[in-house]
Amino acid sequence: MANAKDHVEKVDIMKDEFGWEIPVELVPLPSKGLIYSPESALYRKESIKIKAMTAREEDILSSQALIKEGTVINHLVNSCVLESGIRAEDMVLGDRTALMIAIRITGYGTEYDIKAQCRNCDHNNEIKIDLASIPIKRLKVEPAEEGKNLFSFKLPVTKKLVTFKFLNSHDEREKTQRSKTMKKHLSGLVGDSITSSLEYAIQSIDGIKDRNKIKHFIMNMPAYDSKAIRKFMRENEPGMDMKHSFSCVNCNHENEIVMPITTEFFWPST
């Protein structure tokens, strides 16, 4: 309770003594809260109230300890969310990304500079992205069960009915740690594999929930099935549409990239 009390006092001091209030905004959730449990504060939550970034959040972003343990974004989001019971760790990645982009805009504005290599001539293009114009990818498919992050897909070749979930921060962190461990023990020969991502997402195959059996099926499933379910998951995952098109200034070739999150995102040079 002491931390909450300290936070309230500082906000009041800013308003009462300095005549300035920290701006507050409502951020739409791409999932519309439809994939969270009825017991969760996120259940059917269509938008979340956040405060603007301050120097306090810059301290979080510069924390080497948080960066090393891979939790800096979660701490940033949690610091800016103003609604009780809502934690970045419990959100699917697309919802967290929506909040992350909104928080960045409150701190440093909508302009984001990146460099992107042309696929035709390899020229490095300097591109300015308007973060406020990034479209929201709303959840378009119905969950297999009310209030559950669980969806169904029938594989086109084997005809097996698969249920899967969209990954959250817990899954992302565990998958990253597992990938690092495998690289360490296998001399860097193993990366963030397709099968690893499917193992975390797929929850059952034709009703079978045994993790070892699911892993075996994923490793041996037809490539067409693997591609089909990954395409379905990618197209239907709620989040932000991070695709960006640009014309190369050197050869005029039309390119499409996925917007990268670089150090410029939270530490713009201008």
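**Exercise 1.** Which residue in β7 is the bridge partner of Phe153?

*Solution.* A word on ground rules comes before the steps. This is a predicted model, where local features need pLDDT of at least 70, side-chain atom pairs count only at pLDDT 80 or more, and totals for chains, interfaces and linings use all residues. Residues are numbered from 1 along each chain as its sequence is written, and side-chain values use heavy atoms, with hydrogens and water left out.

- The partner in β7 is Val162.
- Val162 also stands opposite Ile205 in β8.
- Strands here are DSSP runs of E with at least two residues, helices are runs of H or I with at least four, and both are numbered from the N terminus.

**Exercise 2.** Work out how the strands of the sheet are arranged.

*Solution.* 

- The sheet is open, with three strands in the order β6-β7-β8 and antiparallel pairing; two strands pair if DSSP finds at least two bridges between them.
- From one strand to the next, the twist averages 25° (angles run from 0 to 180 degrees between N-to-C directions, and axes are lines fitted to C-alpha atoms, for helices over the stretch in contact).
- Count the bridges: four join β6 to β7, and three join β7 (residues 161-164) to β8.
- Helix α7 (residues 194-201) packs on the sheet and touches β7 and β8, contact being heavy atoms within 4.5 Å.
- Helix α9 (residues 223-236) packs there too, touching β6, β7 and β8.

**Exercise 3.** How do α4 and α5 cross?

*Solution.* 

- The axes of α4 (residues 72-80) and α5 (residues 93-108) come within 10 Å and cross at roughly 70°.
- That makes the two helices α4 and α5 roughly perpendicular (under 35 degrees is roughly parallel, over 145 roughly antiparallel, 65 to 115 roughly perpendicular, the rest oblique).
- Ile73, Asn74, Leu76, Val77 and Cys80 in α4 meet Arg96, Leu99, Met100 and Ile103 in α5.

Technical notes: Buried means under 20% relative accessible area, exposed over 50%, partly exposed in between (1.4 Å probe, protein chains only).
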